[in-house]
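Colleague: I need a quick tour of this one before I set anything up. Start with whatever wording I have to know.

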Amino acid sequence: MLFMEARPDGRAVVYAHIQADPLVARAADLLAAGTTTQRLLARAVMNGESTDPEHWRAMFPSLFGPAAPAVGDPVRDRSEDLLAVSLAVADRGEQTRSQFRGAIVEALTERLLAERTGPVRRERRILFDGRPAEIHPYDVTVERDGAAEAWDCKWGARGIKGDVIHQLDDARRGAGAEGGKLLVGLVIFDARRSCEVRLVRERGPVALEGLKLIALEGLDRLAGRKPS
Amino acid sequence: MSTTVADLIARARAAFETLAATAEPVSEEFQYLADLETVWGARLKSVADARGADPAPVGAEAAIEALEAEASAITDPHRAIDWMSTLPQVALAALGEAA
């Protein structure tokens with residue numbers, strides 16, 4: 001099993017600019033330290049219509065209401081920062097915000113994995129006996145001898161499609177055929193309940209036992225932490 | 001008479017139906033929409049069954065009101081589909097429930 005750089009195509013060159021935007025890193029840093037409810041806030045705002053911060057504060061009383069940590073508390077400050085960053089993403093327009101959201105999930109995954117293991121890389125292809133598993137690169141990989149991992153990251157449950165599942169399963173089976181082991185999975189910034197129904201419908205002939213699903217509520221598992 | 005958890009669950013389910021109606025033109029996602037309605041409807045009903053008579057937690061009514069406004073503002077069917085997953089999660093969080 002050999003990890004290698006993906007050859008950038010036109011889409012990758014454009015997307016690289018999105019990935020390098022400081023807003024992506026800022027959002028990913030805040031989300032990596034965030035609670036499940038703070039991550040839910042980010043998902044709602046980045047996918048929302050309203051640009052009024054008070055609208056979102058009202059929607060999340062546990063973060064901003066009377067019982068929430070007071071202004072100046074680090075947890076409250078993170079909620080405020082995440083709200084501001086999420087509104088900045090939402091303000092980019094539909095096409096651009098969609099790209100930002102994808103890049104943020106990838107950057108978040110990279111950060112959480114790096115807390116537990118490494119080395120963590122982005123946009124990598126995997127070769128088995130010189131044969132590439134698939135044309136498309138895997139979003140985030142852990143290239144550790146004997147404990148390698150390959151993850152695909154999606155903003156929402158609708159990103160779970162048969163070809164994505166097949167690509168991950170192909171890599172897992174390729175590693176097994178070489179006598180190795182590769183943990184493969186999906187990181188979905190969406191509710192687990194929604195991801196599960198999508199996964200069952202889209203899996204086709206793929207056995208799901210070999211595929212990890214990390215949804216919004218369980219993101220801390222990537223870092224080896226208990227869900228917050 | 002104070003607002004109960006059941007009152008707010010009913011309003012959240014109505015907002016969810018608004019999203020479902022907006023999402024309906026995306027015919028290739030018919031099955032996914034039906035699945036979302038099944039699993040989230042059941043989850044919300046389970047909370048109403050267990051805690052329906054309880055008074056609504058502080059801030060929950062304003063949260064549901066904001067959710068209703070957001071659901072009504074969404075006109076893009078694809079965004080509505082995404083929100084059919086998010087709205088129940090947010091409503092449950094406002095009621096102090098896990099997703």
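Modeller: A residue is buried if 20 or more other C-beta atoms, placed from the backbone, lie within 10 Å of its own, exposed if 12 or fewer, and partly exposed in between. This is a predicted model, where local features need pLDDT of at least 70 and side-chain atom pairs count only at pLDDT 80 or more, while totals for chains, interfaces and linings use all residues. Residues are numbered from 1 along each chain as its sequence is written, and chains are lettered from A and ligands numbered from 1 in the order in which they are written.

Colleague: What is B:Leu19 in contact with?

Modeller: Leaving aside neighbours within four places in sequence, B:Leu19 touches B:Ala71, B:Ile74, B:Ala80, B:Trp83, B:Met84 and B:Leu87. Contact here puts the two C-beta atoms within 7 Å.

Colleague: Moving on to helix packing. At what angle do helix 3 and helix 4 of chain B pack?

Modeller: About 170°, between helix 3 (residues 60-73) and helix 4 (residues 77-94), and their axes are 9 Å apart. The axes are lines fitted to C-alpha atoms over the stretch in contact, and angles run from 0 to 180 degrees between N-to-C directions. The two helices of chain B are therefore roughly antiparallel, a label for angles over 145 degrees.

Colleague: Which residues of the two helices meet there?

Modeller: From helix 3 of chain B, B:Ala60, B:Ala63, B:Ile64, B:Leu67 and B:Ala71; from helix 4 of chain B, B:Trp83, B:Leu87, B:Val90, B:Ala91 and B:Ala94. By class, this contact has 10 nonpolar, no polar and no charged residues. Ala, Val, Leu, Ile, Met, Phe, Trp, Tyr, Cys and Pro count as nonpolar, Asp, Glu, Lys and Arg as charged, and the others, Gly among them, as polar.

Colleague: How many residues does the largest nonpolar core have?

Modeller: The core has 96 residues, and those with the most contacts inside it are A:Leu41, B:Ala12, B:Leu19, B:Leu67 and B:Leu87. A nonpolar core joins buried Ala, Val, Leu, Ile, Met, Phe, Trp, Tyr and Cys residues through C-beta atoms within 7 Å. Helix 4 of chain B supplies the largest share of this core, 10 residues. Domain 1 and domain 2 of chain A both contribute residues to the core, so the core lies between them.

Colleague: Where do those domains run?

Modeller: In chain A, domain 1 is 2-7 + 115-223 and domain 2 is 10-99, with bounds from an automatic or database domain assignment. Their centres, taken over C-alpha atoms, are 25 Å apart. Direct contact involves 4 residues of domain 1 and 4 residues of domain 2 of chain A. The domain 1 side of that contact has 3 nonpolar, no polar and 1 charged residues.

Colleague: How many residues of chain B are in contact with chain A?

Modeller: 28 residues of chain B, against 29 residues of chain A. Helix 2, helix 3 and helix 4 of chain B each supply at least two residues of that side, and helix 4 gives the most, with 10 residues. The chain B side divides into 18 nonpolar, 5 polar and 5 charged residues.

Colleague: Why is helix 3 of chain A largely enclosed?

Modeller: Because 9 of the 11 residues of helix 3 (residues 36-46) of chain A are buried. Among them are A:Arg39, A:Leu41 and A:Arg43. The buried residues of this helix pack against helix 2 (22-33), helix 4 (53-59), helix 5 (61-64), helix 6 (74-90) and helix 7 (94-116) of chain A, together with helix 4 of chain B.

How values were computed:
Helix = DSSP H or I, 4+ residues; strand = E, 2+ residues; numbered from the N terminus. Parallel < 35°, antiparallel > 145°, perpendicular 65-115°, else oblique.
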